[in-house]
Amino acid sequence: MTDLDGRVALVTGGTRGIGLATVRALAEAGATVVLTGRDEAKAKEAAASVSGSGSVSGLALDVTDAKAVSTVVRGVAKEHGRLDIVVANAGIMEDALLGMIREELVDTTLSTNVAGTIHTVQAAARAMMRKRSGAIVLLASIVGEYGSAGQTVYSASKAAVANIALSAAKELGRSGIRVNAVAPGVIETALTAGLSAEAVAENVGKTPLGRLGTPEDVAKAIRFLVSDEASFITGQILGIDGGLTL
Ligand SMILES: NC(=O)c1ccc[n+]([C@@H]2O[C@H](COP(=O)([O-])OP(=O)(O)OC[C@H]3O[C@@H](n4cnc5c(N)ncnc54)[C@H](OP(=O)(O)O)[C@@H]3O)[C@@H](O)[C@H]2O)c1
């Protein structure tokens, strides 16, 4: 079992799905975890839902607000005396064929998935720099590498996220901060709940492991990447897709 005893972690978008599963996985390994979501009551409720959750708390944070991200990250590091792990998980996905893309969709997707990730990495790096150690994981996606019909905006945002991991890993390595990304395939969460039965069957059919992914599949990989087991791993984009992209 991975040992994260004494580590302090922040997971953005931890109110459900992959984020909440990651909070559980990190807390099970002994970390003190702060999760965030846009609504304070929902964030606190999610934190309370983690069993034996004495070490899990919830805060309100919209990652599109750079100042708020900086304040929250600084506050967590100050309150707990350190910040070892940051998972920049908050993200949105809305499908639109090229001819149907509204300017507002471009703005909200890029400000949440791309700018939100940059704000989080920037604030995490500042907080981790003092101790010259830390691990950051970003949420990319297989569509960021391979593209996806009807998902130009979302796919572009996830390609950017993968590149943020590479650039930040190069820049922060000398400060003892590792930055990696995971690239999940189709994972069963609220984000993919709208997929038609045909689309699910098609994806499962193309997946060598013969099923969709679970939030726990992704959470376990994130827990590995932030642990000392991955101490010489940085700048990697780890596919978690059951072989769908093979
Ligand atoms: N599910 C998949 O198949 C899949 C595949 C590849 C990558 N991913 C990526 O994995 C991450 C998590 O996805 P998921 O499937 O778990 O999605 P989800 O169930 O919809 O959860 C998304 C989380 O992000 C938070 N969030 C959204 N906008 C935010 C904002 N502006 N500020 C702060 N928090 C915000 C939500 O919190 P509130 O609504 O409470 O604010 C929620 O906790 C996303 O980055 C997604 O792109 C998912």
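**Around the ligand**

I sorted the shell around the ligand by class and got twelve nonpolar, 15 polar and five charged residues. For this I counted Ala, Val, Leu, Ile, Met, Phe, Trp, Tyr, Cys and Pro as nonpolar, Asp, Glu, Lys and Arg as charged, and the others, Gly among them, as polar. The model is predicted, and local features need pLDDT of at least 70, side-chain atom pairs count only at pLDDT 80 or more, and totals for chains, interfaces and linings use all residues. Residues are numbered from 1 along each chain as its sequence is written.

I found 32 residues around the ligand, and the closest are G13, G17, G37, R38 and G91. A residue is near a molecule if its C-beta atom, placed from the backbone, lies within 6 Å of it. α1 and α4 (103-129) each supply at least two residues of the shell. Helices (H or I, at least four residues) and strands (E, at least two) are DSSP runs, numbered from the N terminus.

**The sheet**

I read off the strand order as β3-β2-β1-β4-β5-β6-β7, an open sheet of seven strands with parallel pairing. β3 (56-60) and β7 (237-240) are at the edges with a single partner strand each, so one side of each has no neighbour in the sheet. From one strand to the next the twist averages 20 degrees. Two strands pair if DSSP finds at least two bridges between them. Strand β6 (residues 177-184) pairs with β7 in the parallel sense over four bridges. A183 stands opposite G239 in β7.

I also followed helix α1 (residues 17-28), which lies across β1 (8-12), β2 (32-37), β3, β4 (85-88) and β5 (134-139) and runs at about 170 degrees to β2. Axes are lines fitted to C-alpha atoms, for helices over the stretch in contact, and angles run from 0 to 180 degrees between N-to-C directions. Two residues are in contact if their C-beta atoms, placed from the backbone, lie within 7 Å.

**Helix pairs**

I looked up α4 with helix α6 (residues 152-172): their axes come within 9 Å and cross at roughly 15 degrees. That makes α4 roughly parallel to α6 (under 35 degrees; over 145 is roughly antiparallel, 65 to 115 roughly perpendicular and the rest oblique). The contact includes L105, V106 and T109 of α4 and V153, Y154 and S157 of α6. Its residues divide into 14 nonpolar, four polar and one charged.

How do α1 and helix α8 (residues 215-226) cross, and at what angle? Their axes come within 8 Å and cross at roughly 50 degrees. α1 and α8 are therefore oblique to each other. Among the residues in contact are G17, I18 and A21 of α1 and P215, E216 and V218 of α8. By class I noted eight nonpolar, two polar and four charged residues in this contact.

Last, I checked helix α3 (residues 66-80) against α4: the two pack at an angle of about 30 degrees, with their axes 9 Å apart. The contact includes A66, V69 and S70 of α3 and H119, T120 and A123 of α4. By class the contact of α3 with α4 has seven nonpolar, three polar and one charged residues.
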